[in-house]
Amino acid sequence: MGLKDKVLPNIHPKFFWDTNFSLLDWEAAYVPIISRIIERGGQNEISEIIKYYGREKVVNTIRSEIHFLANYAIDRAIDFFPELKKEEMHCYLNRKDKPYHWI
């Protein structure tokens, strides 16, 4: 079954206040959708995006495709997905304020 055949996630439109929710392209916009839910959603919303995209796609997106998450959102992502490590997350490695370890 392709993504288009799936039932859309049961996520309240308030999480996407800055866009026309009914026009969201859930396939093309998966990176900002997952990012927004990591930043602002709870366990129910996380469960919905996992049900829609699959856990592997969600984890890989968080690890490699999201360019920025606030520090609190990085911590939330790790709480939701313990297999993630900060040091492997592009959004953490991309931060200007991360602590540097000098040898």
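This is a predicted model: local features need pLDDT of at least 70, side-chain atom pairs count only at pLDDT 80 or more; totals for chains, interfaces and linings use all residues.
Residues are numbered from 1 along each chain as its sequence is written, local features need pLDDT of at least 70, side-chain atom pairs count only at pLDDT 80 or more, and totals for chains, interfaces and linings use all residues. Side-chain values rest on heavy atoms, with hydrogens and water left out.

Helices here are DSSP runs (H or I, at least four residues), numbered from the N terminus. Leaving aside residues up to four places away in sequence, Phe81 touches (heavy atoms within 4.5 Å) Ile38, Ile46, Ile50, Arg55, Val58, Val59 and Ile62.

Now for the packing of H1. Its axis lies 10 Å from that of H3, at an angle of about 90°, so H1 is roughly perpendicular (65 to 115 degrees) to H3. Axes are lines fitted to C-alpha atoms over the stretch in contact, with angles from 0 to 180 degrees between N-to-C directions. Tyr30, Val31, Ile34 and Ile38 of H1 meet Lys57, Val58, Thr61, Ile62 and Glu65 of H3.

With H4, the H1 axis comes within 8 Å and crosses at roughly 95°, which makes this pair roughly perpendicular too. Here Ile38, Glu39 and Arg40 of H1 meet Tyr72, Ala73, Arg76, Ala77 and Phe80 of H4.

Terms used: Helices (H or I, at least four residues) and strands (E, at least two) are DSSP runs, numbered from the N terminus. Angles under 35 degrees count as roughly parallel, over 145 as roughly antiparallel, 65 to 115 as roughly perpendicular and the rest as oblique.
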